[in-house]
Amino acid sequence: MRARKSERGGVVTPRVVQRRAWSVAACLWGMVVAGSLGGCSAANLETRWTQDRGGVLCDARQDRVSGVCGKLLRAWLDYELTIEVLDSNALDAHIWPKGSVYLTRGLIDNMDDEELAAAVAHEVGHLLNDQSGQALASLAGQTIVCNEESYADLLGCRLLERQGIDGRAMIRLLQKVERCEQLSASRRVQMAKRIDLLNEVYSYETQQDR
Ligand SMILES: [Zn+2]
């Protein structure tokens, strides 16, 4: 190919044409990526996440958890956090930062009111401990970092006590989750460690009070 003069007066060689073609392609690709990511907001991610876990259930369970935990959440946080019910058999709870707290149908059907409050307190414990404010957390443990779970347990116990609820509801909650057949072996081991730690803390505090 021969070099020719461009309309702007520059010399257009095959290499220049190739470079401009790549530039246009990169620009178009950028527009495509920006468009697809633009539609993938945090709210959309949360919606997709709930759909993958059975979706949100609206029945009497919703009224129960709102009644039991709504007031507690307002006492613990200086902003509104909604509670939703996931249509799932699992015994678990999750929290989306700047989103909602999710309790599973299985958890609600198997826990008393204090244990449900403990599940929400654990999630709020994660929220208060997460400096980035970005991490999705859960009751059964989102990661293998046991310390983070124990910290959320302990903080949750203190939050419960601040509202006049016995923090040992957290132990009862974890014991029921530990007995759940769906829990993986590694999570069960973690759960046992978390329960042991809470029992040690309460045993130590009881001795101190004597
Ligand atoms: Zn957790």
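Good morning. I begin with Gly54, which follows helix α2 and has a positive phi, near 95°. The structure is a predicted model, in which local features need pLDDT of at least 70 and side-chain atom pairs count only at pLDDT 80 or more, while totals for chains, interfaces and linings use all residues. Residues are numbered from 1 along each chain as its sequence is written.

Helices (H or I, at least four residues) and strands (E, at least two) are DSSP runs, numbered from the N terminus. A residue is buried if 20 or more other C-beta atoms, placed from the backbone, lie within 10 Å of its own. Helix α2, residues 42–52, is hardly covered, with one buried residue among its 11.

I turn to strand β4, residues 82–86. Four of its five residues are buried, so β4 is largely enclosed by the rest of the structure. Strands pair if DSSP finds at least two bridges between them. With strand β3, residues 56–57, β4 pairs in the antiparallel sense over two bridges, and Val56 has Leu86 as its bridge partner. With strand β6, residues 100–104, β4 pairs in the parallel sense over five bridges; here Ile83 stands opposite Val101.

Next, the interior. A nonpolar core is a set of buried Ala, Val, Leu, Ile, Met, Phe, Trp, Tyr and Cys residues joined through C-beta atoms within 7 Å. The largest one has 43 residues, and those with the most contacts inside it include Cys69, Leu103 and Met170. Helix α5, residues 113–129, gives the most to this core, with eight residues.

Finally, Met170: leaving aside neighbours within four places in sequence, its contacts (C-beta atoms, placed from the backbone, within 7 Å) include Ala118, His122, Asp153 and Leu198. Thank you.

Terms used:
Buried ≥ 20, exposed ≤ 12 C-beta atoms within 10 Å, placed from the backbone. Contact = placed C-beta atoms within 7 Å.
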